[in-house]
Amino acid sequence: MDKSEVIHRICECGVVAVVRAENAEQALKIADACVKAGIAGIEVTYTVPGATDVIKSLSETYKNGEIIIGAGTVLDPETARTAILAGASFVVSPCLNTSVVEICNRYQIACMPGAMTIKEVVECMQAGADIVKVFPGELYGPAIIKAIKGPLPYAKLMPTGGVSLDNVDAWIMAGCVAVGVGGNLTAGAKKGDYQSISDIGRKFVEKVAEARVKQ
């Protein structure tokens, strides 16, 4: 899938599921539950054992573009290239590593490095980031988005950390193009309750759509 289409799909839905799991099987089940919820982007983090195989499996299962598979917690270009070759269509990092951005741009893969301060956001944009991951979002809440968008109204921002059903509308109305949701979405996996992930996921998608109408 073309990079511009990947970014469009993620922004259109507005929700990226951040998958952290105890093992590959659990990660695959979480991803499938998110698909049922209508979530467009699935970020398989490299804290998941066998993350590369999970990315490859999901990319093959959903090769017709039903969802967009990405890699998260990517700390170096070697991991980024491994994920890309496994089928990742976007790469997310907790902070800026310019070598990761460079290799993503080389392969024309969407790149989302993390930042928290104005200076870090600018550095991500200068490096060639497509979307800047505001992380960890819970430290400042939605107010940080308004602060960043003041001097940088054109910045494409996606918070991860602290995004819940109670505040997702505030994040979107503050100007985020999407949100990354982890534990508040996937907690049911610990009990084997994957249906709850689908149910909560649908609510996230609905709340994002509703917030955009109010913008």
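This is a predicted model: local features need pLDDT of at least 70, side-chain atom pairs count only at pLDDT 80 or more; totals for chains, interfaces and linings use all residues.

Numbering runs from 1 along each chain as its sequence is written, and side-chain values use heavy atoms, leaving out hydrogens and water.

**Select everything.** In cartoon view, look for ten helices and nine strands (DSSP runs of H or I, at least four residues, and of E, at least two, numbered from the N terminus). The radius of gyration is 16 Å, close to the 17 Å from the globule rule for 215 residues, so the protein is as compact as a globular protein of that length (C-alpha atoms; the rule is 2.2 Å times the number of residues to the power 0.38). Along the principal axes, the C-alpha atoms fill a box of roughly 45 × 35 × 30 Å.

**Colour by burial.** Of the 215 residues, 52% count as buried (under 20% relative accessible area, 1.4 Å probe, protein chains only).

**Now select 114-115, 132-134 and 157-159**. These three strands make an open sheet, ordered E6-E7-E8, with parallel pairing (two strands pair if DSSP finds at least two bridges between them). Which strands sit at the edges? They are E6 (114-115) and E8 (157-159), each pairing on one side only.

**Zoom in on E6 and E7.** Two parallel bridges link E6 to E7 (residues 132-134). Pick Gly 114 and you'll find its bridge partner in E7, Lys 133.

Methods
Buried means under 20% relative accessible area, exposed over 50%, partly exposed in between (1.4 Å probe, protein chains only).
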